[in-house]
Amino acid sequence: MSYICGEAFNMALLVDSEIKDAINNEGLEIEPFDAESLQPASYDMRLGKRALITRTVSLEELKGKIQREDVKEINVEKDEAITVPGGAFALVSTLERIKLPDNYAGHIGMRSYYTRKGLVILSGLQIDPGWDAPLVLGLANLSPRSITIDYKDHLCTIEIHKLNRAVEQPYNGKFMSVQREGRIPS
């Protein structure tokens, strides 16, 4: 239990049955939901339809290349997989859209299968209350070998936490609408 200004707070990590209850009764949405992705205390998000992969360029250079259309989005669904070369950076979307009610937050982590191969996630740790879109994840391959990820493969995991109360200002950032359309923000 945590205390802020003398008030007790319990942020509860949901277990599998609570995740299902929150989907059925409390406005939590994970679409498309896959029962095989539900873990004891998390949900595994799968690789979605879009990806950008670049090798040995700075983020500023990557942004310029995207704006000039020198780097094209990869249609992962059509290609059936992506390959992230050793030392490369990738932006990928999740297949699932997640909608968090105002009294829920999420935490993102890379699945250990890919971490052991050298792939790390560079996205923010938290999914804020009010988020309603697929996730876009930054990935870096720190290994010397290429790593292939199949379309719809379980890529990252999210923990879902129920907050003591709803937030006053749910997330409403500029990138959520772009990601809701299935695009990777530039």
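1. Trp131 is buried, because its relative accessible area is 8%; buried means under 20% relative accessible area, exposed means over 50%, and partly exposed lies in between, with a 1.4 Å probe and protein chains only. Tyr171 has a relative accessible area of 27%, so Tyr171 is partly exposed. The model is predicted: local features need pLDDT of at least 70, side-chain atom pairs count only at pLDDT 80 or more, and totals for chains, interfaces and linings use all residues. Residues are numbered from 1 along each chain as its sequence is written, and side-chain values use heavy atoms, with hydrogens and water left out.

2. The structure holds three aromatic pairs. Rings of Phe, Tyr and Trp (its six-membered ring) pair if their centres lie within 6.5 Å; planes under 30 degrees apart count as stacked, over 60 as edge-to-face, and the rest as tilted. The pair of Trp131 and Tyr171 is tilted, because the ring centres are 5.3 Å apart and the planes stand at 50°. This pair links distant parts of the chain, 40 residues apart: Trp131 lies in the loop between β12 (126-127) and β13, and Tyr171 in the loop between β15 and α5 (174-180).

3. The protein has five helices and 15 strands. These are DSSP runs numbered from the N terminus, helices being H or I with at least four residues and strands E with at least two. Of the 186 residues, 42% count as buried. The accessible surface comes to about 10,200 Å², and 47% of this belongs to carbon and sulfur atoms; the areas come from the Shrake-Rupley method with a 1.4 Å probe, and for residues only the protein chains shown count as cover.

4. Strand β9 (residues 88-99) deserves attention. Ten of its twelve residues are buried, so that the strand is mostly covered. Two strands pair if DSSP finds at least two bridges between them. Strand β4 (residues 29-31) runs antiparallel to β9 and is joined to it by three bridges, with Glu29 opposite Lys99. Strand β6 (residues 42-55) pairs with β9 in the antiparallel sense over six bridges, and Ile53 stands opposite Ala90. With strand β13 (residues 132-141), β9 forms an antiparallel pairing over eight bridges; here Lys99 stands opposite Asp132.

5. Leaving aside residues up to four places away in sequence, Ser93 touches Arg46, Leu47, Gly48, Lys49, Arg50, Leu135 and Val136, where contact means heavy atoms within 4.5 Å.

6. A nonpolar core is a set of buried Ala, Val, Leu, Ile, Met, Phe, Trp, Tyr and Cys residues joined through side-chain atoms within 4.5 Å. The largest one has 38 residues, and those with the most contacts inside it are Val92, Leu135, Leu139, Ile149, Leu155 and Ile158. Elements giving two or more residues to this core include α1 (16-25), β8 (81-84), β10 (104-110), β14 (147-150) and β15 (154-162). Strand β9 gives the most, with five residues. Apart from this core lies another, of five residues, among them Leu52, Leu91, Val136 and Ile184.

7. Leu155 touches, among others beyond four places away in sequence, Met45, Val92, Tyr114, Leu139 and Ile149. For the protein as a whole, residues 24 or more positions apart account for 77% of the contacts with a separation of 6 or more.
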